[in-house]
Amino acid sequence: MTGPTDADGPALHSEWREELRRLDVSVYAAIAATPTPELDRVFRRISAAADHSKLWVAAATVLATLGGEQGRRGAADGLASVGLTSAVVNLVLKPLGGRHRPDRATHNVPAARYVDMPRSTSFPSGHAASAFAFANGAAADVPLAGVPLNAAAALVAYSRVHTGVHYPADVIAGSVVGGALAPLAVALGRRLERAAGHRR
């Protein structure tokens, strides 16, 4: 009995991708089919609160107001992380991903869950990416804020599936991207601060 050959590689890769796609769509459909009338209102509001990063601007305001110098730095790093992540996701990754948004009607997503369906492509989720970017960027300066901010980010990410505007893989990818780019944004901010200090 022989194992897969080099020639099997592309076919095997295609099979893996198709199985993952089916799993992704199946999880989306299972969530859509689960009656959760009380949670529907909650997740719809959470999803809408994160539109245009309103939730993270509000969180930054709280950190800057109540957290002293450390809080102000955390707020700045969190918002800088959102800015970098949004640029990468919207200008690079979404055009490359090119995935169509889910069809909520086909999967019978309850209308009570609906939020506005964005016109952008679906992969990765910008909401999830911004959420985890802010949480990790701010937590670099205010570690105690990391747990509640990451919990809020997880709720935002899930809300995008619950409301039917993203597949699970979209929000998983967005969460990873946001978490990965936040340290880069923080490091870039530190480098720019040092450069500005040298010029004075």
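Leaving aside neighbours within four places in sequence, which residues is threonine 163 in contact with? In this predicted model, the list is Phe43, Arg44, Ser47, Arg104, Val109, Arg113, Tyr114 and Val115. Threonine 163 sits in the loop between α6 and α7 (168-199). Its relative accessibility is 0%, so threonine 163 counts as buried. The side chain also has a polar partner. One of its polar atoms lies 2.7 Å from the backbone oxygen of serine 159.

Step back now into helix α6, residues 146-162. Helix α6 packs with helix α3, residues 54-66. Two packed helices are described by the angle between their axes and the distance between the axes. Here the angle is about 170° and the axes are 12 Å apart. Angles over 145 degrees count as roughly antiparallel, and α3 and α6 are therefore roughly antiparallel to each other. From α3, the contact is made by Leu55, Trp56 and Ala59. From α6 come Leu149, Ala152, Ala153 and Val156. By class, this contact has seven nonpolar residues, with no polar and no charged ones.

Next comes helix α5, residues 126-139. At 1.5 Å a residue, its 14 residues should span 20 Å. The end C-alpha atoms are 20 Å apart, which agrees. Helix α5 is mostly covered, with 12 of its 14 residues buried. Among them are His127, Ser130, Phe132, Phe134 and Gly137. Several alanines are buried too, including Ala128, Ala133 and Ala139. Serine 125 caps the N-terminal end of α5. A side-chain oxygen of serine 125 lies 3.4 Å from the backbone nitrogen of histidine 127.

Definitions and conventions: Residues are numbered from 1 along each chain as its sequence is written. This is a predicted model: local features need pLDDT of at least 70, side-chain atom pairs count only at pLDDT 80 or more; totals for chains, interfaces and linings use all residues. Side-chain values use heavy atoms; hydrogens and water are left out. Axes are lines fitted to C-alpha atoms, for helices over the stretch in contact, and angles run from 0 to 180 degrees between N-to-C directions. Helices (H or I, at least four residues) and strands (E, at least two) are DSSP runs, numbered from the N terminus. Angles under 35 degrees count as roughly parallel, over 145 as roughly antiparallel, 65 to 115 as roughly perpendicular and the rest as oblique. Contact means heavy atoms within 4.5 Å. Ala, Val, Leu, Ile, Met, Phe, Trp, Tyr, Cys and Pro count as nonpolar, Asp, Glu, Lys and Arg as charged, and the others, Gly among them, as polar. The expected span of a helix is 1.5 Å times one less than its number of residues. Buried means under 20% relative accessible area, exposed over 50%, partly exposed in between (1.4 Å probe, protein chains only). A polar contact is a pair of N or O atoms within 3.5 Å; within protein, one must be able to donate a hydrogen and the other to accept it, and residues adjacent in sequence count only if both atoms are side-chain atoms.
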